[in-house]
Amino acid sequence: MADEPKEQKPSSVPAGDKPAGSPSPASTPAAKPADSAAPAAPPRAAAPPAPKPPVVLQTPLNNELVTRLRGKFGAAILEAMEDRKQAIVTVECARLAEIALHLRDEGKFDMLSDLTAVDWPKREKRFDIILNLYSFAKNERLRVKAHAADGEKVPSVVGVWIAANWLEREVFDMFGIVFSGHPDLKRILLPDEWQGYPLRKDYDILQQDTAWVKANLGIESGQ
Amino acid sequence: MGESKPGNRERAVGYFRFEEETALNIEATSEHTILGADELIINMGPQHPSTHGVLRVKLKLDGERVIGSECIIGYLHRGVEKIAESRTYQQFAPYVDRMDYVAAVSNGLGYCEAIEKLLVVEAPPRARVIRTILTELQRIASHLLWLGTHALDIGALTPLFYCMREREEILKIFEKYCGARLTTHAFRIGGLQYEAYDTLEKDTERFCKDFEARIAEYEELLTQNRIWVGRTRGIGILTAEDAIAFGVTGPVLRASGVKWDIRKAAPYAAYDQYKFEIPVGTTGDTYDRYIVRMEEMRQSRLICLQAIENIPAGPILAKVGKVLKPPPGEVYHAIEAPKGELGYYVVSDGTVQPYRVRIRPPSFINLQAFDRMVRGHLVADVVAIIGTIDIVLGEVDR
Amino acid sequence: MNAVLQATIEFLKLYWAPLFCGVVIVAVLPIIVGYIVLVERKVMADMQARLGPMRVGPHGLLQPIADAVKLLIKEDIIPDNADKLVFWLAPVLSVGAGLLAIAGLAIGPAFQIAPNINIGILFVVGISAMGIFGIVLGGWASNSHYSLMGALRSSAQLVSYETAAGMALVSGLLFAGSLNITAIVEAQRTQGIWFGMLAPVALFIYGVASIAETNRAPFDLPEAESELVAGYMTEFSGFRWSLYFLAEYANMIVVASVATTLFLGGWLRPFSEVHWLNFLDFAPALLTIAIAVYCVMRAPKQPVRVQQLFMLAVAGFCFVVALVLAAPVLLPFLKPSLAAAVQPYYAGIHGGFWFLFKVSVYVYCFMWLRFTVPRYRFDQLMRLGWHFLIPLSIINILVVGVAMIAGEYFHLHGWAMLLVTTPAAIIALVAALAILAADSGRKERDRAAAAPEFYAR
């Protein structure tokens, strides 16, 4: 249901977000089987009897900021869209620090609200590095995404916003993504000698248990 | 720019040395202090009466002055974000209370609103107003606990008990509303589960009417007190540029002079309907943070009084159904929690369980600025500065 | 053998009274201190809107006994490399100094353990200063870096404030003309005015300095719980710790007694020489009867029978005490024949009451201050002592001396001395404000000077 063009519908999201956008991004893991034949049913089995026309949540974004970015960085800006009226710009991982600096200085996004990652194991570049930025002057939020493969070094944005220091350490701790240029990349929440990166999708209690049994009892876990 | 110090970091696994720099030679600005001859490293261990939880602080001292510090956290890490990936959206809601356990209602509000954004539904007006009332009461309760413990660290023994007395009233209201005092799980995705109990407005009004005199009591004990001013003025200064660069939010940012509050910048719940002021400090020292939080308590009280005058009638829960399957996508929703900007970044893949829930904890990010705030101060001020950032380790570590 | 026995009996016949008092003090004072601690906890609770100890005994009255038993049966832990002898000696020194100082005090004209020491006040102040040894040795013997630092900080604080306290006492002594405690109180009686009114600034300085002397809030940083170092008392547990604790409260009693003797008229009734106010002699008895009446009124409201009986017992006890207090005043009217026999005890009993009353008020103010104000940081504390109190006390001695000479020149006595001492006090007050203003200016300059090194990024 994510790939079909949908009608526009005024969304009822509270004020403060950006106006609506355009078709969806390419990298959505289809967990819900797409119903290609029938027109897309409403996502919720709601009470009203007549099925409502589907709501388009992801739309392409082409505002002034995106234009400027594209103008300056060209192909490094992979994609720009809005999801639920929140602006998302996907950029090339290698130029992340540059683009971050430009966003801070010219784009006036002076605060790094959050820096995190998401793991999509089935993709070739499995990690999404997400930066949530905020501009005090424009009262605007922006999400910057970069894709990184396992083992690929992501440029650190510590030089742009000091806030990234602990945030990148946490991403390293949880995902194992190495940030090049970080002054002190070590684990922050887990003990220093912890093995493994918990928030990866292939890390779970079963794997830990098997590893422990193997290490301490020397046998294969029967689970 | 990092050089590893073999002496300190032998045990680290998964630690990488960095010698390369990025193409633009962007230098990281956090320094390593090099251990010199007259320097002493003191450990304020995880168990300490004044670190408000299990926080370990390593201080590098030159005599009595702090010349460097390192916060070691993670003692309360419970893997909440990983747990979220194997719970349904509703099942995860009680977990968020346990992060900032001092202000559970705010956590719940942020989470429920984030999922509502994900589902593209809106809570009905009545639910939004009641949510506002409870969240503002929770803000007062959180600030009261902060005030009591902060004053206790600095040596004033009495405000703690007065603050607890007021906080008790608020917790009684919560208990009457949803059955729990601390980890309330007060809100549901789509609105509220419980209707406001019949005397909610009266209780809130009575509390708010008494509270004005109580705040005056605390101020009388502390605000003009010579010793209090001497212990807090000029201590732990964080300039506005530093605060923004560190991503600091909440009362700490406002005390540094940046007038920013998500309740005004991007109103949520019913905040756009009420008039209130945003207190702003000037120098960003501990005293300013104290004044800002006291004033915030007053403003919260005003919001409550305005809100209870006119709670709209109507349903309290939007029609979201029992099984929540938000359409695939992602959302970042931030609210103004008592500690700062509490953000939820939720990625949905269309199933009943979230694909990723990331919680942007204000205390974690505010604590990063601790090193900047504490340099140059005496050891006796360390405790005051930890207290003034107002951290809750449950939120720092998740 | 016989000769030794004879000598001992002679000795005892002469000195039985002081020995007896000494034994009573060492035996009884810990219990009294325990109850002062209970009073402090109850007062603290009252100021903090709660009840305090309530479980052990009625209204927590057996709490001190429970605490004492607990401390006595606790395991005695000695750090490994601690200096055993000094570790044993340190608390003993502190307690010994405190108790010995009490021996030099006079509660009434006849209640003195060491009667008529001609260096009375100096003896008391000097001996209580010896308690500082106990603190330093305790920190040293603990063999812990942090304990030693805490002990040194504490002793630095005590020594600094000792200077200011001593000089404040000097300005009071200028009026008394003698160090003998009895003579000081007699001087206040003959002059008809307490020296605290003649030298209020000295009383203020002594008040502040005495708080710092006893390591009480707001000067209790060396023993505060929220500091990195828990102070010199860290390694002492159980009974040894209770000795330090005992020493602290004994010191509190000592400084309160010294202040009462020198500034607040000792065992004198307020307006002791004003004969038309003699009805104030009934005040002690009336106060006690008021307490008895209050207990009787509250008794029926107690929920449990035992508590009712207890309140009535307390009322009865207070009534008996009231009778004892009233006796010397009433008997001359009721039974003149007995009056002559009772007369010598009059000054003693009432004197004791007034003395204890004033000491209690002073100690209550200590407690009140502890729960109201936050504590000073160590450098602020030292700055207060050296930059403010010591200069102020020097200036105070000067102006009080000038006032005294002026008083003698104009042949002023008693209340008339206020004519010269009040301007002196005002001058001292103005000087105090000037010192404060100058000092905060210096603080700013210090901070600005240190700025480039520490406060810049």
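Domain bounds, as used throughout, come from an automatic or database domain assignment. The model is a predicted one, in which local features need pLDDT of at least 70 and side-chain atom pairs count only at pLDDT 80 or more, whereas totals for chains, interfaces and linings use all residues. Residues are numbered from 1 along each chain as its sequence is written, and chains are lettered from A and ligands numbered from 1 in the order in which they are written.

In chain C, the assignment gives domain 1 (25–72), domain 2 (74–268 + 377–454) and domain 3 (276–368), and the centres of domain 1 and domain 3 of chain C, taken over C-alpha atoms, are separated by 22 Å. Chain C contains 15 helices and zero strands, where helices (H or I, at least four residues) and strands (E, at least two) are DSSP runs numbered from the N terminus. The C-alpha trace of chain C spans about 85 × 65 × 65 Å along its principal axes.

In chain B, the assignment gives domain 1 (6–72) and domain 2 (80–397), with 30 Å between their centres, taken over C-alpha atoms. Contact, defined by C-beta atoms placed from the backbone that lie within 7 Å, joins 16 residues of domain 1 of chain B to 18 residues of domain 2 of chain B. On the side of domain 1 of chain B that touches domain 2 of chain B, β2 (56–62) and β3 (65–72) of chain B each supply at least two residues, and β3(B) gives the most, with six residues.

Terms used: Contact = placed C-beta atoms within 7 Å.
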